[in-house]
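Subject: Handover of a structure and notes on it

Dear colleague,

Please find the structure below, followed by a short account of what was found in it. I would be grateful if you read the notes with the structure open beside them.

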Amino acid sequence: MKELELTPRLMAIADQVPQGARLADVGTDHAYLPVYLLLKDRIRSAVASDVNEGPLERGRETARTYGVAEDKISLRICDGLAGVEAHEADTVAICGMGGELISRILGAAPWTKDALLLLQPMSSQPELRQWLLANGYAIEGELVVKEGEKYYVILTVRGGVSEPYTSAELWVGRQQPGDVNPHRGAYLADQIRRRERALAGMKQGNPSPEALAREEELLEGLKNLEKEWNAWQR
Ligand SMILES: C[S@@+](CC[C@H](N)C(=O)[O-])C[C@H]1O[C@@H](n2cnc3c(N)ncnc32)[C@H](O)[C@@H]1O
């Protein structure tokens, strides 16, 4: 049988799951992530949940196809983590969903402050970062992954407190010297181009002075982050 291969985005998430973890994969769809990690003996057990029956059935099919033992993976239909108990998972992946949905799922399961969280939002990244910081979570790392022409960001999060973020940091995440993040430079350049286009579009309308100042401050903050990042790479 063909080996189960993950796409670069899912592979980058898999790489961050600690050896021996008890994983909860929320919104699992095909259950590729937990099945891959079980086949590689990287995790002890997995709960794979999805709110929809179709994706969960695809997950069951993946587990059957690759012969994953039933006592290793529990496939459950539930909203977020509603059907998962704290003692069942020390690592929680919530990937491929909107940032606001991710925060709603975490807000309904406060025990996640004691777990390692791997979050990969498809949208609303600033809102997700803001929510995490305001609700007792600290973002420990940010990794940019490129798949095709698209960039994805994976946040590594635990319960904790952080210094307040600037608007640019809320937009693209905080960076530290020594971060290993090969696509971050190109990602920052891409985000700057997008904000420049947004600002140009805004100026053609009739923006309020406050909205214009916010957008300009964001753009300047992003450019400063890019300069800092590029200086660290020399
Ligand atoms: C785009 S897929 C992502 C699949 C996989 N996690 C990945 O990153 O490749 C999103 C999945 O989240 C599920 N989903 C959406 N809302 C959910 C919720 N509130 N609780 C659990 N799963 C949800 C959908 O049914 C769908 O299967």
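Which residues in helix 1 meet which residues in helix 2? Leu-10, Ile-13 and Ala-14 in helix 1 are in contact with Tyr-32, Leu-33, Tyr-36 and Leu-37 in helix 2, where contact means that the C-beta atoms of two residues, placed from the backbone, lie within 7 Å. The residues of this contact comprise seven nonpolar, no polar and no charged. Here Ala, Val, Leu, Ile, Met, Phe, Trp, Tyr, Cys and Pro count as nonpolar, Asp, Glu, Lys and Arg as charged, and the others, Gly among them, as polar.

Two remarks on the source are needed before going further. This is a predicted model, in which local features need pLDDT of at least 70 and side-chain atom pairs count only at pLDDT 80 or more, while totals for chains, interfaces and linings use all residues. Residues are numbered from 1 along each chain as its sequence is written.

Overall form

The protein has eight helices and seven strands; these are DSSP runs numbered from the N terminus, helices being H or I of at least four residues and strands E of at least two. Along its principal axes, the C-alpha trace spans about 60 × 35 × 30 Å.

Helix packing

Helix 1 (residues 8–15) and helix 2 (residues 32–39) pack at an angle of about 55°, and their axes are 10 Å apart. Axes are lines fitted to C-alpha atoms, for helices over the stretch in contact, and angles run from 0 to 180 degrees between N-to-C directions. Helix 1 is therefore oblique to helix 2; angles under 35 degrees count as roughly parallel, over 145 as roughly antiparallel, 65 to 115 as roughly perpendicular and the rest as oblique.

For helix 4 (residues 99–107) and helix 5 (residues 125–134), the axes come within 8 Å and cross at roughly 20°, so the two helices are roughly parallel to each other. Their contact divides into three nonpolar, three polar and two charged residues.

Helix 7 (residues 184–204) and helix 8 (residues 209–233) pack at about 160°, with axes 10 Å apart. Helix 7 is therefore roughly antiparallel to helix 8. Their contact has twelve nonpolar, four polar and seven charged residues.

The ligand

How many residues surround the ligand? There are 16, and the closest are Gly-27, Asp-29, Pro-55, Cys-95 and Gly-96; a residue is counted if its C-beta atom, placed from the backbone, lies within 6 Å. Strand 2 (43–50) and strand 4 (91–97) each supply at least two residues of this shell, and strand 4 gives the most, with three. By class, the shell has seven nonpolar, six polar and three charged residues.

Yours sincerely
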